[in-house]
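Welcome! Have the picture in view and try each task before reading on.

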Amino acid sequence: MRTLIAGNWKMNGSRAMLAELDRIAEAASAYSDVDVAIAPPFTLLGEAQPHAGRVWIGGQDCHRAAQGAHTGCISAGMLVEMGARFVICGHSERRAEFGETDPLIRAKAEAAQAAGLIAIVCIGEDEHERDEGRAVEVVACELDGSVPPASTPENLVVSYEPAWAIGTGRIPTFDQICEIHSMIRAKLIQLFGEAGVRIRILYGGSVNAGNAASILACPHVNGALIGGASLTADQFVPIVEIAANVSQ
Ligand code: PEP
């Protein structure tokens, strides 16, 4: 399975940051065995496209509807028109800040897939749930609730992102990552049969060049979703390089 290294710029980035994308695209062209993706803010999507080379450009969210009276929202079709190849659905910041629920996230992912996008569906426990020993249960439940039942390996990526590891510099142990990713794989096979083997499962949460090799070596970790370390080529490109070595 091809490794996917995806960056999420969140609400960061101005036109000047497209220079970072130029450097990321240049590096990505040297590592053609790895899929590389960047989700800039919506405002940069159209402008990012000519800088992207073989880097996939995508959105950080979309609305569940195709169009209509939804002030301030963006539809999956609008993302496609801007050259997007994927969209992140249900990032923990959207779950926490905007109260997004599993059924809503599933509807967004379905809208994304219907428009021809890859939906990167994020699931993950918070710190309280981890401390209570409920991480596996919570992640399994989010997977059941937010992954569209008609997904395929071509239009779905699942990203395990423990909320307590996002932007904190803390990461789960190798065993904890293995435990969750193995459970996700088993559930994907249960849901999708043989196709479940081919759906990529990313890990996200404080990935950097120092820890990427050990994270990407975990069984059933097929790539990473990266926030902070995707904002500069200096931090992001070494992770792509590591992914290329791991996937050899
Ligand atoms: C994220 O927001 O998806 C993320 C993984 O962030 P960071 O890499 O900064 O922890």
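**Exercise 1: the barrel**

Eight strands form a closed barrel in the order β1-β2-β3-β4-β5-β6-β7-β8, paired in parallel. From one strand to the next, the twist averages 25 degrees. This is a predicted model, in which local features need pLDDT of at least 70, side-chain atom pairs count only at pLDDT 80 or more, and totals for chains, interfaces and linings use all residues. Residues are numbered from 1 along each chain as its sequence is written, and side-chain values use heavy atoms, with hydrogens and water left out.

Task: find how β1 and β2 pair.

Solution. Start by locating β1 at residues 3–8 and β2 at residues 34–39. Strands are DSSP runs of E with at least two residues, numbered from the N terminus, and two of them pair if DSSP finds at least two bridges between them. Here the pairing is parallel, over six bridges. To see one of them, go to Gly 7, whose bridge partner in β2 is Ile 38.

**Exercise 2: the ligand**

Solution. Look for pairs of N or O atoms within 3.5 Å.

- Glu 161 uses a side-chain N or O atom, at 2.9 Å.
- Gly 167 uses a backbone N or O atom, at 2.6 Å.
- Gly 227 uses a polar backbone atom, at 2.8 Å.

Methods:
Helices (H or I, at least four residues) and strands (E, at least two) are DSSP runs, numbered from the N terminus. Axes are lines fitted to C-alpha atoms, for helices over the stretch in contact, and angles run from 0 to 180 degrees between N-to-C directions. A polar contact is a pair of N or O atoms within 3.5 Å; within protein, one must be able to donate a hydrogen and the other to accept it, and residues adjacent in sequence count only if both atoms are side-chain atoms.
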